[in-house]
Amino acid sequence: MKSSLRTVRLELAEPLRISRSTMAARDAVWLTVEHDGLRGHGEAVTSVYYGLGTETLLRLLTAVDLGRFPDPESALEALRVGEPPLGDLPPAVTAAVESALLDLAGKRAGVPVHRLLGAAAPPVAATARTIGITHPGHAAAQARRLTASGFAVLKVKAGAPDPEDDIERVRVIRDAAPRARLLLDPNGAWSVAQADALLPRFADLGVEAVEQPVAPGDPDALAALAERAPLPVIADEDAVGLDDVRRLAGRVHGVNVKLAKCGGVHAALRIAEAVEGSGTALMLGCLTASSLGLAPAVHLADRARWADLDGHLLLARDPWTGIGGADGVVRAADRPGLGVEEVAVVEDVA
């Protein structure tokens with residue numbers, strides 16, 4: 001197998017503000033793996049939070065040696081049994097390599113990735129659509145536009161300096177979209193005392209669940225909060241990998257599994273197995289990325305209670321297509337591999 005890399009710039013349609021940062025664009029590194037005339041693709045995106053810049057991603061992906069495997073299937077088997085064959089790599093890099101291998105293996109077998117993973121029918125899921133920290137009028141207009149387009153689930157970012165701004169934003173979104181399911185995500189911005197005071201008010205506004213309301217680093221405090229909270233609590237930043245999830249299984253209502261956070265599809269499946277029967281449900285999340293970056297998670301979408309797979313919908317131009325989502329529903333393609341195709345011209349990063 002041989003591989004190549006390409007770096008492109010992904011511009012957002014509008015800046016996305018969350019409690020810890022505002023983002024207007026990010027770089028994506030595309031990995032192409034070729035074997036016997038077929039090509040598989042994967043994507044890794046830069047992240048300040050995870051400490052992954054463009055040069056770091058390029059260096060790590062360049063160092064990956066797939067040539068020691070006779071074919072993509074043997075490399076995937078090592079990943080499946082929990083023995084990563086790629087060395088000590090960040091989860092986002094492992095996930096990108098696994099994506100390219102899955103895409104290639106599916107094309108070689110003539111089947112879509114979800115069938116490689118044991119699902120007969122293409123997964124379909126209603127995805128949340130994110131509304132960032134913004135002024136109430138803009139948030140209400142977004143909510144009306146999104147629900148008119150078909151979105152039944154809205155995720156509202158919280159963690160503004162004044163929590164009353166968060167309350168008001170949710171209130172106007174609820175008024176603008178009275179039938180929408182609402183999720184809340186402060187990205188760990190609150191203290192435990194703030195969460196105790198605020199969560200009942202958000203519950204009264206009809207918020208269905210909250211992600212990581214308190215700062216990560218104390219999972220026991222998060223679990224204690226979940227026990228007394230008036231609405232379901234989903235761990236995100238405190239649930240990075242399998243060991244984290246095992247500590248929280250049965251103690252929180254959900255865990256947000258992002259492939260770039262846990263290490264890819266097979267790592268996500270191990271997490272799903274770990275929480276099965278515990279009372280902790282799965283949320284499938286994502287980073288802002290193209291349809292290529294989102295596609296592996298969409299092939300798992302039927303395994304989650306909540307799907308938050310809208311990263312490609314936040315872009316000014318998505319350079320790949322194949323998973324839908326503009327109508328509020330993501331769908332895994334029934335074509336071989338990931339089922340995505342490059343369609344838009346984007347500027348390479350020099």
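Strand β10 (residues 254-257) pairs with β11 in the parallel sense over four bridges. Strands here are DSSP runs of E with at least two residues, helices are runs of H or I with at least four residues, and both are numbered from the N terminus; two strands pair if DSSP finds at least two bridges between them. The model is predicted, so local features need pLDDT of at least 70 and side-chain atom pairs count only at pLDDT 80 or more, whereas totals for chains, interfaces and linings use all residues. Residues are numbered from 1 along each chain as its sequence is written, and side-chain values use heavy atoms, with hydrogens and water left out.

A second sheet topic concerns antiparallel pairing. Strands of a sheet pair through backbone hydrogen bonds, either parallel or antiparallel. Three strands form an open sheet in the order β1-β2-β3, with antiparallel pairing. The edges are taken by β1 (2-17) and β3 (38-45), each of which has a single partner strand, so one side of each is left without a neighbour in the sheet. On average, neighbouring strands of this sheet are turned by 25 degrees against each other, direction ignored; the axes behind such angles are lines fitted to C-alpha atoms, for helices over the stretch in contact, and angles run from 0 to 180 degrees between N-to-C directions.

The antiparallel strands β1 and β2 are joined by twelve bridges and form a hairpin with four residues between them. Strand β2 (residues 22-35) pairs with β3 in the antiparallel sense over eight bridges. Residue T32 of β2 is the bridge partner of S4, and T32 also stands opposite H41 in β3. Likewise, V33 stands opposite G40 in β3. Strands β2 and β3 form a hairpin with two residues between them, and D36 in the turn has a positive phi of about 55 degrees. Eleven of the 14 residues of β2 are buried, so this strand is largely enclosed by the rest of the structure.

Residue L16 lies in strand β1 and counts as buried at 13% relative accessibility. Leaving aside residues up to four places away in sequence, L16 touches S21, T22, M23, T130, G132 and L314, where contact means heavy atoms within 4.5 Å. L16 and L315 are 299 residues apart in sequence and 10 Å apart in space, C-alpha to C-alpha.

The axes of helix α2 (residues 72-80) and helix α3 (residues 91-109) come within 9 Å and cross at roughly 130 degrees. Helices α2 and α3 are therefore oblique to each other, since angles under 35 degrees count as roughly parallel, over 145 as roughly antiparallel, 65 to 115 as roughly perpendicular and the rest as oblique. The contact is made by P72, E73, A75, L76 and L79 of α2 and by T94, E98, L101, L102, L104, A105 and R108 of α3.

Technical notes:
Buried means under 20% relative accessible area, exposed over 50%, partly exposed in between (1.4 Å probe, protein chains only).
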